[in-house]
Amino acid sequence: MKKTRIILVTLLALAAIAGGVAYYFYHQTEAFSEQKIMIREETIFTISPGTGRVALEKKLAESGIIPASQNYAWLLQLEPELAKIKAGTYRLTPDMTVRDMLRLFVSGKEAQFSIRFVEGSKLSDWQKTLADAPYLKQTLADLPADKLTGMLGLPAGSNPEGRFYPDTYLYTAGTEDADILKRAHQQMETRLAAAWKTRNTDLPYATPYEMLIMASLIEKETGVDGERKKVASVFMNRLRLKMRLQTDPTVIYGMGERYQGTIYRSDLTRVTPYNTYQIDGMPPTPIAMPGSASLDAAAKPDTTDYLFFVADGKGGHVFTSTLRDHNRAVADYRSGLKKP
């Protein structure tokens with residue numbers, strides 16, 4: 001009887017010790033899971049395919065995100081669902097706890113990156129922006145133009161300039177640069193089709209592509225939304241009267257890398273496919289990527305008798321209907337440049 005009592009007391013003591021140890025481990029693990037990760041600013045963290053729990057813990061500790069501790073392994077033992085991590089690139093923030101971080105890894109919600117293409121930019125500008133974008137897989141470097149047009153499903157020999165809609169695009173790490181261009185191209189096709197469908201019926205366009213060319217000219221001539229339809233009206237009036245468009249941005253585009261910030265008289269007289277001082281009608285392709293406001297202006301120009309416009313020195317333009325008034329506006333502009 002006495003021996004039985006001793007055994008019982010011993011078992012109870014061991015149980016108490018085990019319970020105390022279990023409580024200690026649980027408390028320590030819970031405290032570890034709720035502590036903030038050790039970063040002071042937003043951090044991008046990548047989990048490679050095939051990374052296991054041990055390798056992940058090592059990388060997190062080496063990156064200074066969590067302390068090296070047995071608590072990590074204990075946490076995954078207590079909450080095995082937190083071990084079901086997914087490969088990817090994640091955005092960590094200083095307010096995250098260890099549990100928040102692991103839940104993010106389990107969710108597979110990768111970091112989103114953004115890339116912005118502004119209205120009026122050219123394809124060459126886009127290519128530079130894509131090349132500099134972080135975590136974007138580069139596939140377009142030195143890609144010939146015919147390969148690019150083929151990738152977009154454009155007719156052989158066509159020019160992709162102007163075919164992409166300027167906007168902000170989101171992507172995850174590892175996205176191919178070509179995928180961004182495909183999305184931008186599809187969005188431009190959609191926007192252009194919508195503008196074409198609602199266009200004025202008396203416009204001198206034979207195809208939506210011609211309207212896209214016009215939208216690109218409008219985009220390069222003014223950044224003032226309230227002026228776009230006036231600029232469009234000038235171009236419409238000139239086309240109807242068989243007058244040359246004489247718009248400087250086409251000269252600049254035709255100059256290519258020769259343009260260094262100044263247009264000389266010799267540039268105005270040089271014949272290029274884009275120099276609208278020397279060619280009739282519009283240039284053969286767009287000269288930039290137009291935004292929605294310019295597409296709308298090309299589709300629905302104001303009705304005016306304007307044939308000219310010149311900068312007013314204040315960010316806008318002066319619109320006139322006669323050459324005499326235009327020359328006076330030009331003189332006013334030049335006079336304003338000379339004032340201190």
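Visitor: What is the volume of the largest pocket?

Guide: In this predicted model, the largest pocket has a volume of about 1000 Å³. It is lined by 32 residues, and those closest to its centre are Gln246, Asp248, Tyr277, Val310 and His326.

Visitor: Which helix supplies the largest share of that lining?

Guide: Helix H13 does, with six residues. At least two residues each come from H9 (228-240), H10 (248-255), H11 (265-269), strand S5 (308-311) and H13 (323-338).

Visitor: How many residues of each class are in the lining of the largest pocket?

Guide: The lining has 19 nonpolar, eight polar and five charged residues.

Visitor: What lines the second largest pocket?

Guide: The second largest pocket has a volume of about 250 Å³. Its lining includes Lys122, Leu123, Ser124, Glu161 and Tyr253. Helix H10 gives the most, three residues. Domain 2 (112-189) and domain 3 (197-338) each contribute at least three residues to this lining. By class, the lining holds six nonpolar, two polar and three charged residues.

Visitor: Why is Ser124 called partly exposed?

Guide: Ser124, in helix H5, has a relative accessibility of 33%. Buried means under 20% and exposed means over 50%. The value for Ser124 lies in between, so Ser124 counts as partly exposed. The C-alpha atom of Ser124 is separated by 8.9 Å from that of Glu161, although the two residues are 37 residues apart along the chain.

Visitor: Why is Asn71 called buried?

Guide: The relative accessible area of Asn71 is 12%. The cut-off for buried is under 20%, and 12% falls under it, so Asn71 is buried. Asn71 belongs to helix H3 (residues 71-78). Leaving aside neighbours within four places in sequence, Asn71 is in contact with Gln28, Thr29 and Phe32.

Visitor: Why does Lys242 count as exposed?

Guide: Lys242 has 73% relative accessibility. Exposed means over 50%, and 73% is over that limit, so Lys242 counts as exposed. Lys242 lies in the loop between H9 and H10. Its phi is near 65°, a positive value in a residue other than glycine.

Visitor: Why is Tyr135 called partly exposed?

Guide: Tyr135 has a relative accessible area of 38%. Buried is under 20% and exposed is over 50%; 38% is in between, so Tyr135 is partly exposed. Tyr135 sits in the loop between H5 and helix H6 (145-152). Tyr135 also has a positive phi, about 65°, although it is not a glycine.

Visitor: What makes S1 and S2 a pair of strands?

Guide: Two strands pair if there are at least two bridges between them. Strand S1 (residues 43-47) and S2 are joined over five bridges, in the antiparallel sense. Five meets the requirement of at least two, so S1 and S2 pair. One of the bridges can be seen at Thr46, whose partner in S2 is Thr89.

Visitor: What makes strand S2 mostly covered?

Guide: Of the five residues of S2 (residues 88-92), four are buried.

Visitor: How do you know that S5 and S6 pair?

Guide: Four bridges join S5 to strand S6 (residues 317-320). At least two are needed, so S5 and S6 pair, and they run antiparallel. Val310 stands opposite Val318 in S6. S5 and S6 form a hairpin with five residues between them, and Gly313 in the turn has a positive phi of about 80°.

Key. Residues numbered from 1 in each chain as written. Predicted model: local features only at pLDDT ≥ 70, side-chain atom pairs only at ≥ 80, totals over all residues. Heavy atoms only, no water. 1 Å grid on protein atoms, 1.4 Å probe; cavity = no way out; pocket = protein on both sides within 12 Å on 5 of 7 lines; lining within 4 Å. Points joined across faces, edges and corners; volume = space filled by probe spheres on them. Nonpolar A, V, L, I, M, F, W, Y, C, P; charged D, E, K, R; others polar. Domains from an automatic or database assignment. Buried < 20%, exposed > 50% of the residue type's maximum accessible area, 1.4 Å probe, protein only. Contact = heavy atoms within 4.5 Å.
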